[in-house]
Amino acid sequence: MNMPEKQINAIPEDVSLWQIFLVFAKLGAFTIGGGYAMIPLIRDEMIKRNWMTDEELPDIIAMAQSAPGVLAVNMSIFVGHKLHGVKGSVIATLGSVLPSFITILLIAMIFTNFRDNPIVERIFKGIRPVVVSLIAVPMINMARKNNKTWWAWAISAVTLFLVAFLSFSPIYILLVLIVVSAGIAVIKNRKEVDND
């Protein structure tokens, strides 16, 4: 029996919980902005280690966004579960959260006296454009890889316009697309059944 091509990329069997913790701790420590800013780093780390494929990334992001909670933590949970089940989820989550927790704790303890310091304000203003680009680059790359038809590009463009410029809720867009997609799938199935 032939395996589908997507399943050929098997996860290495020797992945330890300690490795998962270290990788996600590194991601948590060096990702400024969290959430979407983690996506390019998660992608690079996972693909380099053969823990995930480019085809799986949009699915993991979609699941992480649809689940309640923080995107970076949800992604850690899904990837950790894929690698090592429930233990992997817990370890990956601890790894991604612990550096941020420790950093914020240190900032709260040490830098409260410096929050109005003009140098500190300038540092944070300088970091903002980097965070924006870290979010934009993986989104553009995902759009290029996943939007293979003109209507997929049209849906992406309309969604971007509605959310960015009209403050339209993404929930309604997703609900409409789910209903439309399900309707198209039902119609196609009926046509195939009728043709057989």
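Phe161, Phe165, Leu166, Phe168, Ile171, Tyr172, Leu174, Leu175 and Ile178 together form a nonpolar patch on the surface, with about 1000 Å² of accessible area (Shrake-Rupley method, 1.4 Å probe, with only the protein chains shown counting as cover for residues). Two or more residues of the patch come from each of the elements α6 (150–166) and α7 (170–195), and α7 gives the most, with 5 residues. Such a patch is made of residues with over 30% relative accessible area and no salt bridge, nonpolar side chains (Val, Leu, Ile, Met, Phe, Trp, Tyr) being joined within 5 Å and like charges within 9 Å; a salt bridge is a side-chain nitrogen of Lys or Arg within 4 Å of a carboxyl oxygen of Asp or Glu.

This is a predicted model, in which local features need pLDDT of at least 70 and side-chain atom pairs count only at pLDDT 80 or more, while totals for chains, interfaces and linings use all residues. Residues are numbered from 1 along each chain as its sequence is written, and side-chain values use heavy atoms, with hydrogens and water left out.

Ile178 lies in helix α7 (helices, H or I of at least four residues, and strands, E of at least two, are DSSP runs numbered from the N terminus). Because its relative accessibility is 54%, Ile178 counts as exposed (buried is under 20% relative accessible area, exposed over 50%, partly exposed in between, with a 1.4 Å probe and protein chains only).

The structure also holds 3 aromatic pairs. Among them, Trp18 and Phe21 are stacked, at 5.7 Å centre to centre with 20 degrees between the planes (rings of Phe, Tyr and Trp, the last by its six-membered ring, pair if their centres lie within 6.5 Å; planes under 30 degrees apart count as stacked, over 60 as edge-to-face and the rest as tilted). Phe168 and Tyr172 form an edge-to-face pair, 6.4 Å centre to centre with 70 degrees between the planes.
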